[in-house]
Amino acid sequence: KENTLAQPVGITLERYIMRKQAEFPFATGELSQLLRDLALAGKIVHRDVNRAGLADITGGMGTQNVQGENQKKLDMEAHIRFVRALKNGRETCAILSEEEAEIIHTDNDSGNYVVAMDPLDGSSNIDVNVSIGTLFSIYRRITPPGSKATAADFLQGGRRQVAAGYILYGSSTMFVYTTGHGVMGFTYEQSLGEFFLSHPDIRVPQDGTIFSCNEGYWFDYPDSIRTFLMDCKRKEYSGRYIGSLVADYHRNLFNGGIYLYPPTSKNPRGKLRLLYECYPLAMLIEQAGGQAVISATEAILDIVPTELHQRTPLFIGSTNMVRALVGAGETVP
Ligand code: AHM
Ligand code: MG
């Protein structure tokens, strides 16, 4: 019998993770459990985001994060949810969050993993019912288990990520992740409380006709960026910019396009954070067959990190569009 749209199909995220784990006989199951912890916190944040207008959790906290940006109540709410979920699991020894300057130790020093994350990205959209997202990046620690994790565990470089992904709170909520074997997308079925595999092995189109950037900075952009954008306009490509990185990335992933956040005078090193915004999306896009770069020869994943909250420019999306912007060059191993 044919499936109808009303019937969720496919396997749950839980079961998918278990099956994958079974393919690796020596796997301890810790990474699987960690991914499940993230999915659980994602469900709670989904609930919080969906009733934000009813509960008293919109608006500002009256505080600023380490980057000097005003914190929203939901930003902090999501931060607390994810930290709590990862602390309750026993796999993560330390967390780096956009919302805190220092590494957060979970008191599970025997945990083998560290997680860098932006618990709720897209601050300007949080209070106005527009898509927002969670980004995460996972490493195996390099410091000995049992000791306190250090910054070095987080500064290993993007190619050392063992898994990365995001949760998009959009018209539906999705959990999209990779462990380096393709990109899998799961859609949340609210009434059942489960993520179901809805988008197996996601591939980004090589070409695209969407450009996504904040054109308010036009006069600040380098000439090369303006030349590229003028060319997009001459070809009557579509300008699409939500101002939520996860949502802009997700649309371009499926439809084909490029997201640009160049250096500006306000943010000469770019605005987006390398460790928990750009590295995870860069791993995902390369796994999906696209590219994430800062120049013709420098892939995002090859940037050597020096600071926990460092920023970088970002050009990411369909390979041919990224190449049209930065020129040819060998950036992907
Ligand atoms: P945030 O971490 O403070 O939410 O900032 C990150 C967001 C991204 O989601 C988005 O792509 C970008 O900042 C938008 O910046 P701008 O408002 O400068 O266009
Ligand atoms: Mg952010």
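**Annotated sites and helix packing**

D118 lies in strand 5 (residues 113–121), where helices (H or I, at least four residues) and strands (E, at least two) are DSSP runs numbered from the N terminus. This is a predicted model, in which local features need pLDDT of at least 70 and side-chain atom pairs count only at pLDDT 80 or more, while totals for chains, interfaces and linings use all residues. Residues are numbered from 1 along each chain as its sequence is written, and chains are lettered from A and ligands numbered from 1 in the order in which they are written.

**UniProt annotations**

- An unreviewed UniProt entry places the feature "binding site" at D118, D121 and E277, and these residues span 160 residues in sequence, yet no two of their C-alpha atoms are more than 8.6 Å apart, so they gather at one spot.
- The unreviewed UniProt entry also places the feature "domain: Fructose-1-6-bisphosphatase class 1 C-terminal" at residues 204–324, although such annotations may be inferred rather than shown by experiment.
- The span of residues 204–324 is 36% helix and 17% strand, with its end C-alpha atoms 16 Å apart.

**Ligand 1**

- Ligand 1 is surrounded by 12 residues, of which G122, S123, N214, G243 and L245 are the closest (a residue counts if its C-beta atom, placed from the backbone, lies within 6 Å).
- By class, the shell around ligand 1 holds one nonpolar, six polar and five charged residues, where Ala, Val, Leu, Ile, Met, Phe, Trp, Tyr, Cys and Pro count as nonpolar, Asp, Glu, Lys and Arg as charged, and the others, Gly among them, as polar.

**Helix 2 with helix 3**

- The axes of helix 2 (residues 30–50) and helix 3 (residues 73–88) come within 9 Å and cross at roughly 155°, on lines fitted to C-alpha atoms over the stretch in contact, with angles running from 0 to 180 degrees between N-to-C directions.
- Helix 2 and helix 3 are therefore roughly antiparallel (angles over 145 degrees).
- Residues of helix 2, including L38, A41 and V45, meet residues of helix 3, including L74, A78 and F82 (C-beta atoms, placed from the backbone, within 7 Å), and this contact has 11 nonpolar, no polar and four charged residues.

**Helix 1 with helix 2**

- The axes of helix 1 (residues 13–22) and helix 2 come within 10 Å and cross at roughly 165°, and the two helices are therefore roughly antiparallel.
- L13, E14, I17, M18 and Q21 in helix 1 meet S32, L35, R36 and A39 in helix 2, a contact that divides into five nonpolar, two polar and two charged residues.

How values were computed: Angles under 35 degrees count as roughly parallel, over 145 as roughly antiparallel, 65 to 115 as roughly perpendicular and the rest as oblique. Two residues are in contact if their C-beta atoms, placed from the backbone, lie within 7 Å.
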